[in-house]
Amino acid sequence: MLRAVRAAVRVPISVDTSKAAIARLALEEGADVVNDVSAGRLDPGLLPLCAERGVPVVLMHMQGVPATMQDDPCYGDVVAEVAAFLAERARAARAAGVADDAIVVDPGIGFGKTVAHNCALLARLDLVASLGYPVLVGVSRKGFIGQLLGERPTGERLHGTAAAVALAVARGARLVRVHEVGAMRDVVRVAEAVVGA
């Protein structure tokens with residue numbers, strides 16, 4: 001299946017996995033990037049694999065594990081703690097042989113964070129960007145947007161997503177994970193124009 005997708009599209013393909021064996025198979029089938037929600041902590045073979053294959057790796061912050069991460073997320077200073085975690089995981093990736101320019105960091109919006117945590121991370125995303133690695137942000141249709149808009153259902157979060165994407169770009173995000181690609185491309189273009197003015 002992945003080979004068919006690779007043959008049909010010219011854009012980079014990312015595989016979302018924390019398992020080196022799955023990543024290896026996906027890379028053999030045509031994937032270009034490994035996105036790991038555990039930032040290389042779950043499987044010690046994942047970062048060395050990315051180094052061996054010379055592919056970019058996205059290191060994401062997540063407090064806890066997916067099954068329990070939203071039970072009671074707690075931080076002293078969420079932005080400082082997430083930035084410190086990502087800096088440490090970037091060091092681990094470099095120690096495993098991953099090239100500096102192949103490391104991407106993701107603050108993990110919605111992964112073990114409350115609405116207030118997510119808002120703080122977007123407001124101070126420049127601290128994460130100051131680590132010197134491209135920052136990827138995934139806010140599209142996220143639950144915190146629905147909560148901010150009065151429990152808006154998933155399909156009605158386009159404008160909230162646009163606001164979060166524009167703010168993320170203004171604060172230093174280089175990559176955004178979205179559903180409505182055409183609309184968000186326009187949002188990013190305008191945000192980048194304003195930031196660069």
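How many bridges join strand β1 (residues 14–16) to β2? Three bridges do, and the two strands run parallel. This is a predicted model, where local features need pLDDT of at least 70, side-chain atom pairs count only at pLDDT 80 or more, and totals for chains, interfaces and linings use all residues. Residues are numbered from 1 along each chain as its sequence is written, and side-chain values use heavy atoms, without hydrogens and water.

- Strands are DSSP runs of E with at least two residues, helices are runs of H or I with at least four, and both are numbered from the N terminus.
- Two strands pair if DSSP finds at least two bridges between them.
- Val-15 stands opposite Val-34 in β2.
- Three bridges also join β2 to strand β3 (residues 57–60), and these run parallel.
- Asp-36 stands opposite Leu-59 in β3.

**Side chains of β2**
- In a regular strand the side chains alternate between the two faces of the sheet.
- In β2 (residues 33–36), Val-33 and Asn-35 point one way, Val-34 and Asp-36 the other.
- All four are buried, meaning under 20% relative accessible area with a 1.4 Å probe, protein chains only.

**The whole chain**
- The chain has nine helices and six strands.
- Its radius of gyration is 17 Å, close to the 16 Å that the globule rule gives for 197 residues, so the chain is as compact as a globular protein of that length.
- That radius is taken over C-alpha atoms, and the rule is 2.2 Å times the number of residues to the power 0.38.
- Of the 197 residues, 42% count as buried.

Terms used. Buried means under 20% relative accessible area, exposed over 50%, partly exposed in between (1.4 Å probe, protein chains only).
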